[in-house]
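Colleague: I am new to this structure and would like to learn how to read a ligand site. Could you take me through one?

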Amino acid sequence: MALIEVQALSYRYKDGTRALRGLTFHIPRGKKVAVLGPNGAGKSTMLLHLNGIYLAQEGEVRFDGELVTTKNERQVRSKVGMVFQDPDDQVFSTTVWEDVTFGPANMGLPDDEVDRRAASALHAVGMLEYKDKAPYHLSYGQKKRVAIAGVLAMNPEVISLDEPAAFLDPRGKETVFAILNNLNRQGTTIVIVTHDVDLAAEWADEIILIKDGRCLAQGGTELLTDTLLVEAAELRLPTITRLFKELGGPETQILPKTIREAVQVLSKK
Ligand SMILES: Nc1ncnc2c1ncn2[C@@H]1O[C@H](COP(=O)(O)OP(=O)(O)O)[C@@H](O)[C@H]1O
Ligand SMILES: [Mg+2]
(Lines give C-alpha, C1' and ligand atoms only; values in the text may rest on other atoms or scores of the structure.)
(Ligands and ions follow the chains in the order given, each with its own letter.)
Protein backbone atom coordinates (compact mmCIF):
# COMPACT_ATOMS: atom_id res chain seq x y z
CA MET A 1 0.00 0.00 0.00
CA ALA A 2 1.23 3.49 -0.88
CA LEU A 3 1.89 5.92 1.98
CA ILE A 4 -0.41 8.54 0.45
CA GLU A 5 -3.25 7.73 -1.93
CA VAL A 6 -5.17 10.41 -3.79
CA GLN A 7 -8.31 9.24 -5.54
CA ALA A 8 -10.53 11.31 -7.89
CA LEU A 9 -9.71 14.48 -5.96
CA SER A 10 -11.50 17.63 -7.07
CA TYR A 11 -11.15 21.12 -5.64
CA ARG A 12 -12.84 24.38 -6.53
CA TYR A 13 -11.71 27.74 -5.11
CA LYS A 14 -14.27 30.20 -3.78
CA ASP A 15 -14.12 32.27 -6.99
CA GLY A 16 -15.20 29.21 -8.97
CA THR A 17 -11.76 28.17 -10.34
CA ARG A 18 -11.64 24.40 -10.68
CA ALA A 19 -8.04 23.73 -9.65
CA LEU A 20 -8.31 19.92 -9.35
CA ARG A 21 -10.59 17.79 -11.53
CA GLY A 22 -10.52 14.16 -10.55
CA LEU A 23 -6.83 13.87 -9.68
CA THR A 24 -5.61 10.32 -8.96
CA PHE A 25 -2.06 9.29 -8.00
CA HIS A 26 -0.11 7.79 -5.11
CA ILE A 27 3.06 8.55 -3.16
CA PRO A 28 5.07 5.36 -2.55
CA ARG A 29 6.65 5.06 0.88
CA GLY A 30 10.32 6.03 1.17
CA LYS A 31 10.65 7.31 -2.40
CA LYS A 32 11.83 10.54 -3.99
CA VAL A 33 8.86 11.80 -5.98
CA ALA A 34 8.86 14.68 -8.48
CA VAL A 35 5.57 16.27 -9.56
CA LEU A 36 5.76 18.17 -12.85
CA GLY A 37 3.30 20.19 -14.88
CA PRO A 38 2.72 23.66 -16.34
CA ASN A 39 1.77 26.78 -14.35
CA GLY A 40 -1.78 26.57 -13.09
CA ALA A 41 -1.90 22.75 -13.38
CA GLY A 42 -2.94 22.46 -9.73
CA LYS A 43 0.38 21.32 -8.24
CA SER A 44 0.37 23.70 -5.26
CA THR A 45 -3.32 23.04 -4.61
CA MET A 46 -2.53 19.32 -4.65
CA LEU A 47 0.35 19.72 -2.13
CA LEU A 48 -1.94 21.60 0.25
CA HIS A 49 -4.20 18.51 0.25
CA LEU A 50 -1.41 16.07 1.11
CA ASN A 51 -1.02 17.47 4.61
CA GLY A 52 -4.61 18.37 5.39
CA ILE A 53 -4.33 22.16 4.97
CA TYR A 54 -7.05 21.69 2.35
CA LEU A 55 -9.56 18.87 2.70
CA ALA A 56 -11.07 17.03 -0.25
CA GLN A 57 -14.28 18.57 -1.57
CA GLU A 58 -14.78 15.56 -3.84
CA GLY A 59 -12.77 12.36 -3.95
CA GLU A 60 -10.36 11.39 -1.18
CA VAL A 61 -6.87 11.60 0.25
CA ARG A 62 -5.60 8.72 2.38
CA PHE A 63 -2.52 8.79 4.59
CA ASP A 64 -1.30 5.34 5.56
CA GLY A 65 -4.70 3.95 4.52
CA GLU A 66 -6.64 6.38 6.66
CA LEU A 67 -8.97 8.97 5.14
CA VAL A 68 -7.80 12.55 5.85
CA THR A 69 -10.69 14.42 7.48
CA THR A 70 -11.29 17.20 10.03
CA LYS A 71 -10.82 14.50 12.70
CA ASN A 72 -7.16 13.77 11.91
CA GLU A 73 -6.01 16.79 9.86
CA ARG A 74 -3.76 18.04 12.69
CA GLN A 75 -2.12 14.64 13.04
CA VAL A 76 -1.59 14.38 9.28
CA ARG A 77 -0.15 17.90 9.24
CA SER A 78 2.57 16.81 11.68
CA LYS A 79 3.34 13.71 9.58
CA VAL A 80 3.50 15.48 6.23
CA GLY A 81 5.66 18.59 6.52
CA MET A 82 5.31 21.17 3.76
CA VAL A 83 7.99 23.63 2.71
CA PHE A 84 6.39 26.57 0.87
CA GLN A 85 7.90 27.96 -2.29
CA ASP A 86 8.73 31.30 -0.67
CA PRO A 87 10.49 31.01 2.72
CA ASP A 88 9.20 34.50 3.59
CA ASP A 89 5.72 32.91 3.83
CA GLN A 90 7.05 30.39 6.35
CA VAL A 91 9.88 31.93 8.37
CA PHE A 92 8.75 34.99 10.33
CA SER A 93 9.90 34.68 13.95
CA THR A 94 12.38 37.10 15.52
CA THR A 95 15.17 34.55 15.60
CA VAL A 96 15.98 31.35 13.72
CA TRP A 97 15.81 29.38 16.97
CA GLU A 98 12.34 30.73 17.81
CA ASP A 99 11.17 29.80 14.34
CA VAL A 100 12.36 26.22 14.45
CA THR A 101 11.13 25.59 18.01
CA PHE A 102 7.66 26.99 17.22
CA GLY A 103 6.24 23.81 15.65
CA PRO A 104 7.41 21.27 18.23
CA ALA A 105 6.55 23.63 21.12
CA ASN A 106 3.08 23.99 19.62
CA MET A 107 2.76 20.20 19.62
CA GLY A 108 3.03 20.37 23.40
CA LEU A 109 6.36 18.55 23.62
CA PRO A 110 8.48 19.02 26.78
CA ASP A 111 11.07 21.85 26.58
CA ASP A 112 14.13 19.61 26.49
CA GLU A 113 12.63 17.60 23.60
CA VAL A 114 11.77 20.83 21.74
CA ASP A 115 15.38 22.02 22.17
CA ARG A 116 16.81 18.68 21.11
CA ARG A 117 14.67 18.59 17.96
CA ALA A 118 15.41 22.20 16.97
CA ALA A 119 19.16 21.71 17.43
CA SER A 120 19.13 18.49 15.45
CA ALA A 121 17.03 20.01 12.63
CA LEU A 122 19.26 23.09 12.38
CA HIS A 123 22.33 20.87 12.40
CA ALA A 124 20.87 18.76 9.57
CA VAL A 125 20.51 21.83 7.33
CA GLY A 126 23.86 23.33 8.41
CA MET A 127 22.27 26.34 10.13
CA LEU A 128 22.88 25.66 13.83
CA GLU A 129 25.49 28.41 14.11
CA TYR A 130 22.87 30.91 12.86
CA LYS A 131 20.36 30.05 15.56
CA ASP A 132 20.41 33.48 17.24
CA LYS A 133 20.21 35.43 13.97
CA ALA A 134 17.15 37.26 12.71
CA PRO A 135 15.75 35.44 9.65
CA TYR A 136 15.50 38.72 7.70
CA HIS A 137 19.31 39.04 7.88
CA LEU A 138 19.77 35.70 6.12
CA SER A 139 20.22 35.02 2.42
CA TYR A 140 17.34 33.49 0.47
CA GLY A 141 19.02 30.07 0.46
CA GLN A 142 19.70 30.23 4.19
CA LYS A 143 16.06 31.15 4.86
CA LYS A 144 15.00 28.19 2.75
CA ARG A 145 17.18 25.93 4.91
CA VAL A 146 15.60 27.39 8.07
CA ALA A 147 12.13 26.69 6.59
CA ILE A 148 13.21 23.09 5.99
CA ALA A 149 14.56 22.87 9.56
CA GLY A 150 11.20 24.10 10.89
CA VAL A 151 9.53 21.21 9.10
CA LEU A 152 12.20 18.68 10.16
CA ALA A 153 11.74 19.61 13.81
CA MET A 154 8.26 18.08 13.55
CA ASN A 155 9.84 14.69 12.67
CA PRO A 156 7.59 14.21 9.62
CA GLU A 157 7.34 10.96 7.65
CA VAL A 158 6.96 12.92 4.43
CA ILE A 159 8.45 16.24 3.40
CA SER A 160 6.85 18.06 0.50
CA LEU A 161 8.49 21.06 -1.12
CA ASP A 162 6.90 23.45 -3.60
CA GLU A 163 9.53 24.30 -6.23
CA PRO A 164 12.51 23.92 -3.86
CA ALA A 165 15.03 24.97 -6.51
CA ALA A 166 13.29 28.25 -7.42
CA PHE A 167 15.46 31.36 -6.93
CA LEU A 168 18.40 29.38 -5.55
CA ASP A 169 21.87 29.67 -7.05
CA PRO A 170 23.57 26.39 -8.14
CA ARG A 171 25.36 26.00 -4.80
CA GLY A 172 22.15 26.70 -2.87
CA LYS A 173 20.31 24.13 -4.96
CA GLU A 174 23.03 21.55 -4.36
CA THR A 175 22.87 22.14 -0.61
CA VAL A 176 19.08 21.74 -0.48
CA PHE A 177 19.14 18.53 -2.52
CA ALA A 178 22.00 17.11 -0.44
CA ILE A 179 19.82 17.71 2.63
CA LEU A 180 16.82 16.04 0.97
CA ASN A 181 18.84 13.02 -0.19
CA ASN A 182 20.27 12.61 3.28
CA LEU A 183 16.77 12.64 4.81
CA ASN A 184 15.57 10.17 2.20
CA ARG A 185 18.41 7.78 3.03
CA GLN A 186 17.13 7.83 6.61
CA GLY A 187 13.67 6.82 5.38
CA THR A 188 11.82 10.10 4.85
CA THR A 189 9.56 10.19 1.79
CA ILE A 190 10.24 13.32 -0.29
CA VAL A 191 7.78 14.98 -2.68
CA ILE A 192 8.88 17.97 -4.74
CA VAL A 193 7.06 20.11 -7.27
CA THR A 194 9.36 21.28 -10.04
CA HIS A 195 9.51 22.54 -13.64
CA ASP A 196 13.04 21.28 -14.06
CA VAL A 197 12.94 18.06 -16.14
CA ASP A 198 16.72 17.63 -15.99
CA LEU A 199 16.63 17.77 -12.23
CA ALA A 200 13.66 15.39 -12.07
CA ALA A 201 15.39 12.92 -14.43
CA GLU A 202 18.53 12.88 -12.28
CA TRP A 203 16.94 12.94 -8.88
CA ALA A 204 13.53 11.26 -8.76
CA ASP A 205 12.51 7.62 -8.24
CA GLU A 206 8.96 8.38 -9.30
CA ILE A 207 7.43 10.97 -11.65
CA ILE A 208 3.89 12.36 -11.57
CA LEU A 209 2.76 14.54 -14.49
CA ILE A 210 -0.15 16.88 -13.81
CA LYS A 211 -2.11 19.14 -16.13
CA ASP A 212 -5.50 20.88 -15.81
CA GLY A 213 -6.04 19.36 -12.38
CA ARG A 214 -5.62 15.79 -13.62
CA CYS A 215 -2.81 13.25 -13.55
CA LEU A 216 -1.51 12.57 -17.08
CA ALA A 217 0.83 9.77 -15.99
CA GLN A 218 2.72 8.32 -13.04
CA GLY A 219 5.78 6.08 -13.27
CA GLY A 220 9.57 5.96 -13.46
CA THR A 221 11.79 8.69 -14.90
CA GLU A 222 11.58 7.02 -18.36
CA LEU A 223 8.24 8.86 -18.68
CA LEU A 224 10.32 11.98 -19.27
CA THR A 225 11.64 10.57 -22.56
CA ASP A 226 8.11 10.03 -23.93
CA THR A 227 7.88 12.90 -26.44
CA LEU A 228 4.08 12.94 -26.75
CA LEU A 229 3.53 12.76 -23.01
CA VAL A 230 6.09 15.47 -22.31
CA GLU A 231 4.46 17.72 -24.92
CA ALA A 232 1.02 17.06 -23.42
CA ALA A 233 2.37 18.14 -20.04
CA GLU A 234 3.80 21.32 -21.64
CA LEU A 235 7.30 20.33 -20.58
CA ARG A 236 10.35 19.57 -22.70
CA LEU A 237 12.51 16.49 -22.92
CA PRO A 238 15.59 16.34 -20.68
CA THR A 239 18.61 18.06 -22.31
CA ILE A 240 20.51 14.78 -22.68
CA THR A 241 17.48 13.11 -24.28
CA ARG A 242 17.13 16.00 -26.76
CA LEU A 243 20.78 15.72 -27.67
CA PHE A 244 20.51 11.98 -28.39
CA LYS A 245 17.31 12.52 -30.35
CA GLU A 246 19.07 15.14 -32.50
CA LEU A 247 21.97 12.76 -33.09
CA GLY A 248 19.52 10.15 -34.36
CA GLY A 249 19.70 6.39 -33.96
CA PRO A 250 17.51 3.32 -34.17
CA GLU A 251 13.86 4.12 -33.35
CA THR A 252 13.69 1.45 -30.67
CA GLN A 253 16.73 2.64 -28.79
CA ILE A 254 15.86 3.79 -25.28
CA LEU A 255 17.07 7.36 -25.10
CA PRO A 256 19.26 8.31 -22.15
CA LYS A 257 18.00 11.08 -19.88
CA THR A 258 20.91 11.58 -17.49
CA ILE A 259 24.64 12.08 -17.92
CA ARG A 260 25.28 8.67 -16.35
CA GLU A 261 22.95 6.91 -18.81
CA ALA A 262 24.53 8.82 -21.72
CA VAL A 263 27.99 7.68 -20.65
CA GLN A 264 26.75 4.07 -20.48
CA VAL A 265 25.27 4.27 -23.98
CA LEU A 266 28.39 5.92 -25.44
CA SER A 267 30.88 3.55 -23.79
CA LYS A 268 29.04 0.54 -25.29
CA LYS A 269 29.68 1.79 -28.83
N1 LIG B 1 -6.50 31.10 -3.76
C2 LIG B 1 -6.94 30.89 -5.00
N3 LIG B 1 -8.14 31.38 -5.41
C4 LIG B 1 -8.59 31.16 -6.66
N5 LIG B 1 -7.94 30.45 -7.60
C6 LIG B 1 -6.74 29.94 -7.25
C7 LIG B 1 -6.18 30.13 -5.96
N8 LIG B 1 -4.98 29.50 -5.92
C9 LIG B 1 -4.81 28.96 -7.13
N10 LIG B 1 -5.86 29.20 -7.94
C11 LIG B 1 -6.06 28.75 -9.33
O12 LIG B 1 -6.13 27.32 -9.30
C13 LIG B 1 -5.44 26.76 -10.41
C14 LIG B 1 -4.33 25.86 -9.92
O15 LIG B 1 -3.39 26.67 -9.24
P16 LIG B 1 -2.08 26.08 -8.53
O17 LIG B 1 -2.47 24.93 -7.69
O18 LIG B 1 -1.40 27.23 -7.87
O19 LIG B 1 -1.25 25.56 -9.79
P20 LIG B 1 0.33 25.31 -9.96
O21 LIG B 1 0.93 25.23 -8.60
O22 LIG B 1 0.41 24.04 -10.72
O23 LIG B 1 0.86 26.47 -10.76
C24 LIG B 1 -4.95 27.94 -11.25
O25 LIG B 1 -5.91 28.19 -12.25
C26 LIG B 1 -4.91 29.08 -10.24
O27 LIG B 1 -5.09 30.31 -10.88
MG1 LIG C 1 2.43 26.34 -7.72
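Colleague: Which residues are around ligand 1?

Modeller: Keep in mind that this is a predicted model. A residue is counted when one of its heavy atoms lies within 4 Å of the ligand. Here the list begins with Tyr13, Asp15, Thr17 and Ala19, and continues with Pro38, Asn39, Gly40, Ala41, Gly42, Lys43, Ser44 and Thr45.

Colleague: How many residues of each class are in the shell around ligand 1?

Modeller: Six are polar, four are nonpolar and two are charged.

Colleague: Which polar contacts does ligand 1 make through its oxygen atoms?

Modeller: For a polar contact, look for a pair of N or O atoms within 3.5 Å. A polar side-chain atom of Thr45 is 2.5 Å from an oxygen atom of ligand 1. For Ser44, an N or O atom in the side chain is 2.9 Å from a ligand oxygen. Ala41 takes part through its backbone, where a polar atom lies 3.1 Å from an oxygen atom of ligand 1. On its own, ligand 1 has 560 Å² of accessible area, and the protein covers 63% of that.

Colleague: Which element gives the largest share of the shell?

Modeller: Helix H1 does, with three residues.

Colleague: Why is H1 described as largely enclosed by the rest of the structure?

Modeller: Buried means under 20% relative accessible area. H1 spans residues 43-50, and seven of its eight residues are buried, so the helix is largely enclosed. The buried ones are Lys43, Thr45, Met46, Leu47, Leu48, His49 and Leu50.

Note on methods
Residues are numbered from 1 along each chain as its sequence is written. Chains are lettered from A and ligands numbered from 1 in the order in which they are written. This is a predicted model: local features need pLDDT of at least 70, side-chain atom pairs count only at pLDDT 80 or more; totals for chains, interfaces and linings use all residues. Side-chain values use heavy atoms; hydrogens and water are left out. Buried means under 20% relative accessible area, exposed over 50%, partly exposed in between (1.4 Å probe, protein chains only). Helices (H or I, at least four residues) and strands (E, at least two) are DSSP runs, numbered from the N terminus. A polar contact is a pair of N or O atoms within 3.5 Å; within protein, one must be able to donate a hydrogen and the other to accept it, and residues adjacent in sequence count only if both atoms are side-chain atoms. Accessible areas come from the Shrake-Rupley method with a 1.4 Å probe; for residues, only the protein chains shown count as cover. Ala, Val, Leu, Ile, Met, Phe, Trp, Tyr, Cys and Pro count as nonpolar, Asp, Glu, Lys and Arg as charged, and the others, Gly among them, as polar.
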